[in-house]
Amino acid sequence: MGRSGQSHIVAIGGGSFRPTDRYGFFEATPLLRYVLDLTGQDRPKLGLLATASGDDADWLLKMYGAFRDWDVELSHLTVFPMPNVADPRAWILEQDAIYVSGGSVANLAALWRLHGYDEALEEAWQAGVVLAGQSAGALIWHVGGNTDSFGPTLRPWAEGLGLLPYSCGVHYDSDEQRRALLHESVASGELPDGYAADEGVALHYVGTEFIQAVSVEPAGYAYKVERDGAGGVKEFRIEPRQLASTLDL
């Protein structure tokens, strides 16, 4: 099935990038090395999408800089003020992996559907392109989750692409609204059963099956959240596989 041989999605709760002491640069963390290793390519093509942040040029520049020491072929796709490539579908299908940044997941979904990126990304996923992202870029692959797209008070949101038939929780240990609202949303049936990730933790799915969590934070965990049949939820903590905290590039 394409480059990686399987359909992979890596949904990151937080911690894809971190600041360095060198001139204010950011660096990509081992979570993204994990993503790229799934492609099976020595020099993978990594496509960056910052739609959720309005194609913020400064953030795109920081992401390019974060991979400056990596053997990776970078490019990006925008929608503002218009697509920057002649054939966005072809660009998406040419990548070995796609990384989607955080921001407004509601705007992200609307714009992707408007431009047909949703269908192209599903096609790419089925063809073996590894899909990944953080925060909004993690939620988007699921049925939905909780979002601050509409203001600082989180709301349940169920308009994701639905490649994964679950809800998703991100920033689970750093935003006190996240856990309680995900529990409430799953208990009420507004969102389906699902998975959540702390900062520094990623959820790895093969096809639509959750395989494992990986982490660069020793105290970080993943979680499964499901209805308990009595109007509430059960939450199960998942021990992630620890990745090296630094990269040997």
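The model is predicted, so to speak of local features a pLDDT of at least 70 is needed, side-chain atom pairs count only at pLDDT 80 or more, and totals for chains, interfaces and linings use all residues. Residues are numbered from 1 along each chain as its sequence is written, and side-chain values use heavy atoms, with hydrogens and water left out.

**Aromatic rings**

Let us begin with the rings. Across the whole structure, a search turns up 12 aromatic pairs. Here, rings of Phe, Tyr and Trp (its six-membered ring) pair if their centres lie within 6.5 Å; planes under 30 degrees apart are stacked, over 60 edge-to-face, and the rest tilted. Phenylalanine 26 and tryptophan 59 are edge-to-face, because their ring centres are 5.8 Å apart and their planes stand at 85°. This pair links distant parts of the chain, with phenylalanine 26 in strand β3 (residues 26–28) and tryptophan 59 in helix α2 (residues 57–66), 33 residues apart. Helices (H or I, at least four residues) and strands (E, at least two) are DSSP runs, numbered from the N terminus.

How covered are these rings? Phenylalanine 26 is partly exposed at 23% relative accessibility, and tryptophan 59 is partly exposed at 22%. The cut-offs are under 20% relative accessible area for buried and over 50% for exposed, with partly exposed in between (1.4 Å probe, protein chains only).

Tyrosine 172 and tyrosine 223 make a tilted pair, 5.0 Å from centre to centre with 45° between the planes. Tyrosine 172 sits in the loop between β10 (167–169) and α7 (176–188), while tyrosine 223 belongs to strand β14 (residues 222–227), 51 residues apart. Both tyrosine 172 and tyrosine 223 are buried.

Phe26 and Trp59 also belong to one aromatic cluster, together with Phe17, Phe67, Trp70 and Tyr99.

**Charges over rings**

**Salt bridges**

Side chains of opposite charge can pair when their charged atoms come close. A salt bridge is a side-chain nitrogen of Lys or Arg within 4 Å of a carboxyl oxygen of Asp or Glu. The whole structure holds 10 salt bridges, including those in this table.

| Aspartate 71 | Arginine 43 | 2.9 Å |

Aspartate 71 is in the loop between α2 and β5 (73–77) and arginine 43 in the loop between α1 and β4 (45–49), so their bridge ties together parts 28 residues apart in sequence. Aspartate 71 is partly exposed at 47%, as is arginine 43 at 44%. Arg43 and Asp71 are linked with Glu73 in a network of salt bridges.

Lysine 224 is partly exposed, with a relative accessible area of 30%, whereas glutamate 226 is buried at 17%.

**A covered helix**

Finally, helix α1 (residues 30–37) is mostly covered, with six of its eight residues buried. Which residues of α1 are buried? They are Pro30, Leu31, Leu32, Tyr34, Val35 and Leu36.
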